[in-house]
Amino acid sequence: MIDAKPQQEHAWLQQMLGDWTMEGECDMGPGQPASRTRAKEHVRAMGGFFVVCEGEGEMPGSEDTGYMLMTLGYDIANKKFVGSWAGSMMPGMFFYEGQLDAAKKVLTLDTEGPSFTGDGTTARYQDVITIKSKDERTLHSQTLQPDGSWKRFMTATYRRV
């Protein structure tokens, strides 16, 4: 058993605790209008080291309800944020590693998963959480392009209920 105490990075995650509403926009591909979505999310602590984000909301371009589960923590030994994301709309799970920016407002989480091209390859992605205030945060998702740039494909704004 490791004798560890929560660090400032764990405290950073605790500011996400509570109930939230989400309004988002998702890129549906070339020549298609963006899809707007709404969801709700409950974020709870799992001890002092992890948060669990449970979401439920509209699926972009569908009338189905999607369910999402994100876990986030901080690995003290490796000095990086870690976590996972799974959704009812996908058969795979994403695993995160990330860092806070110097201002401690933006958490960038790197991951790899199935490419949107559908050709069986994988692609690199980032989920970027930005704390705007104690009652507002954003999340945007982006994918690495062949030229090395990042292309944003989803943006969401969360407001505390």
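Visitor: Which ring does the charged end of Arg137 sit over, 4.2 Å from its centre?
Guide: The ring of Tyr158. "Over" means that NZ of Lys or CZ of Arg is within 6 Å of the ring centre and within 35 degrees of the ring normal. The charged end of Arg137 also sits over the ring of Trp20, 4.5 Å from its centre.

Visitor: What should I know about the model itself?
Guide: It's predicted, with local features needing pLDDT of at least 70 and side-chain atom pairs counting only at pLDDT 80 or more, while totals for chains, interfaces and linings use all residues. Residues are numbered from 1 along each chain as its sequence is written, and side-chain values use heavy atoms, with hydrogens and water left out.

Visitor: OK, new topic. How many aromatic pairs does a search of the whole structure find?
Guide: Seven. Rings of Phe, Tyr and Trp (its six-membered ring) pair if their centres lie within 6.5 Å; planes under 30 degrees apart are stacked, over 60 edge-to-face, the rest tilted. Tyr74 and Phe81 make an edge-to-face pair, 5.0 Å centre to centre with 65° between the planes.

Visitor: Is Phe81 buried or exposed?
Guide: Buried, at 1% relative accessibility. The cut-offs for relative accessible area are under 20% for buried, over 50% for exposed and partly exposed in between (1.4 Å probe, protein chains only). Tyr74 is buried too, at 11%.

Visitor: And why is the pair of Phe116 and Phe153 edge-to-face?
Guide: Because the planes are at 90°, with the ring centres 4.9 Å apart. Phe116 is exposed, at 54%.

Visitor: Which residues do ring pairs link into a cluster?
Guide: Trp85, Phe94, Phe116, Tyr125 and Phe153.
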